[in-house]
Amino acid sequence: MLRLGERCTAVRGPLICPAADGPRLTLIEDGLITLDAAGHINSVGPAPADCAEPVTAPGAVWLPGFVDTHVHQPQTRIIGSGTGPLLAWLERSVFPEEARLADPEYAAEVTDEFIDALIAHGTTTSVVYGSSLPPATDALFAALAEAGLRADVGLTLMDQGCPPPVCVPDAVAQAASEALVERWHGHDGDRLRFVITPRFALSCSRAQMRAAGDLAEKHGLWVQTHIAENAAELKAVAQAFPEARDYLAVYADHGLAGPRTILAHCIWFDDAAWDRVADLGCTVSHCPDSNFFLGSGAMDLAAPTARGVRVGLGSDVGAGRSFSMRQAAASAWDAARVRGVAVSAEALLWHATAGGAAACGRPEVGRLAAGLAGDLVAVDVPHYTLERGPKAVYEALAFRRDAEPVRHTVVQGRVLR
Ligand SMILES: [Zn+2]
């Protein structure tokens with residue numbers, strides 16, 4: 001029996017264990033996880049024959065908490081706002097909504113809804129684009145600290161190409177970033193981290209991108225940004241940066257493309273660009289549901305995976321239509337079908353857990369193994385799927401469109417749902 005807010009010491013039930021080294025899962029039909037007082041996993045394996053621990057959540061299977069490698073907190077209330085494609089959607093839906101977070105009360109309501117949605121869908125680790133407004137992002141950190149979720153959060157950098165209410169001069173953004181690093185980076189045993197977040201090339205001056213790259217280098221921070229999402233965006237970037245070889249070079253030239261950089265979307269890359277992503281060691285956040293909603297296209301999942309590039313899945317709320325990483329996995333299946341790429345539910349669930357953890361530099365989560373953080377999720381599956389074997393279970397988890405919120409969400413051993 002798990003009690004909200006308390007620490008759990010053991011979990012018994014079917015366990016789905018992602019592999020460390022590739023997109024594979026193992027299903028243990030009657031498994032047992034024990035946790036220590038600090039919320040780390042002590043042991044994982046089949047329950048012993050004389051196990052006294054009752055089944056924790058009958059009807060559910062347990063897996064590591066989901067990792068959302070790309071989500072926009074200020075867009076929580078504009079999910080489904082159909083004004084796309086990308087650049088029009090930013091103008092009509094995103095910037096006006098993000099401006100509303102200047103009101104602390106409004107920002108707090110949005111943050112509560114954002115956190116509730118993450119917990120309800122079993123997302124225990126998220127990589128978040130916060131507001132461009134420093135007080136709203138500071139308040140988001142405080143709320144995540146209180147809620148108990150694991151997250152990497154960025155102050156979204158925009159010093160040009162956006163309306164005045166969300167446009168923040170670089171000097172202000174840099175000072176705020178330093179203060180947020182000081183206050184929150186590494187909070188509670190690294191549960192919260194600050195991530196450098198230039199929104200995309202069109203919203204940042206060259207000076208801002210250079211300073212952001214320097215700050216990432218100075219503190220060893222991760223970087224996240226958008227790239228190669230939409231044809232009109234590609235054209236505008238090429239016009240704005242005539243000196244750059246291509247879009248990826250814009251970031252590389254400013255110290256923003258390396259082994260701690262998460263590149264979201266990556267739809268319109270040719271083979272040469274993918275080769276350079278691999279050479280630079282960047283990771284990829286694949287956000288297929290958002291890509292379908294804005295009509296951006298479908299990323300070729302085989303291109304990064306064949307090159308050994310780490311790939312996580314992203315909801316990209318609010319262009320993504322759900323916080324559910326199960327929905328992200330289902331949309332990734334559709335994107336693979338569109339591109340003629342072979343993929344499996346098993347591989348996609350791996351990308352939603354272990355793959356995502358690797359893509360955002362969180363080796364402490366994403367798998368079920370001794371020594372790792374006790375970040376767990378219990379998800380109900382139809383009663384007949386377990387009898388039909390692991391493949392049926394993985395497909396039920398990934399593809400059932402009537403997916404309910406998850407049964408339990410646990411972070412660092414603490415029961416959040
Ligand atoms: Zn995004």
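Is Thr-197 buried or exposed? Thr-197 is buried, at a relative accessible area of 1% (buried means under 20% relative accessible area, exposed over 50%, partly exposed in between; 1.4 Å probe, protein chains only). The model is predicted: local features need pLDDT of at least 70, side-chain atom pairs count only at pLDDT 80 or more, and totals for chains, interfaces and linings use all residues. Residues are numbered from 1 along each chain as its sequence is written, and side-chain values use heavy atoms, with hydrogens and water left out.

View 1. The side chain of Thr-197 makes a polar contact of 3.1 Å with that of Gln-224. A polar contact is a pair of N or O atoms within 3.5 Å; within protein, one must be able to donate a hydrogen and the other to accept it, and residues adjacent in sequence count only if both atoms are side-chain atoms. Leaving aside residues up to four places away in sequence, Thr-197 touches Tyr-129, Gly-154, Leu-155, Thr-156, Leu-157 and Gln-224 (contact means heavy atoms within 4.5 Å).

**View 2. The interface of domain 1 and domain 2.** Domain 1 spans 10–64 + 367–415, and domain 2 spans 66–359; the bounds come from an automatic or database domain assignment. Their C-alpha centres are 28 Å apart. Contacts link 31 residues of domain 1 with 26 residues of domain 2. The two domains bury about 2300 Å² between them, with 62% of it on carbon and sulfur atoms. Buried area is the accessible area (1.4 Å probe) that two parts lose on being put together, summed over both.

**View 3. Polar links across the domain interface.** Ten residue pairs are in polar contact here, both residues at pLDDT 80 or more. On the side of domain 1 that touches domain 2, the elements giving two or more residues are β4 (60–64), β15 (376–380), α14 (390–399) and β16 (408–411). Helix α14 gives the largest share, six residues. By class, this side has 20 nonpolar, three polar and eight charged residues. Ala, Val, Leu, Ile, Met, Phe, Trp, Tyr, Cys and Pro count as nonpolar, Asp, Glu, Lys and Arg as charged, and the others, Gly among them, as polar. One salt bridge is counted between the domains (a side-chain nitrogen of Lys or Arg within 4 Å of a carboxyl oxygen of Asp or Glu). Arg-150 and Asp-375 meet in a salt bridge at 2.7 Å, N to O.

**View 4. Salt bridge of Arg-307 and Asp-275.** The whole structure holds 20 salt bridges. In this one, the closest N and O atoms are 2.7 Å apart. Arg-307 sits in the loop between α11 (302–306) and β14 (311–313), and Asp-275 in helix α9 (residues 271–280), so the pair ties together parts 32 residues apart in sequence. Arg-307 is partly exposed at 28%. Asp-275 is partly exposed at 37%.

**View 5. Salt bridge of Lys-391 and Glu-395 within helix α14.** The closest N and O atoms are 2.8 Å apart. The two residues are four apart, about one turn of the helix. Lys-391 is exposed at 58% relative accessibility, whereas Glu-395 is partly exposed at 29%. Elsewhere, salt bridges that share partners join Asp-152, Arg-193, Arg-362 and Glu-364 into one network.
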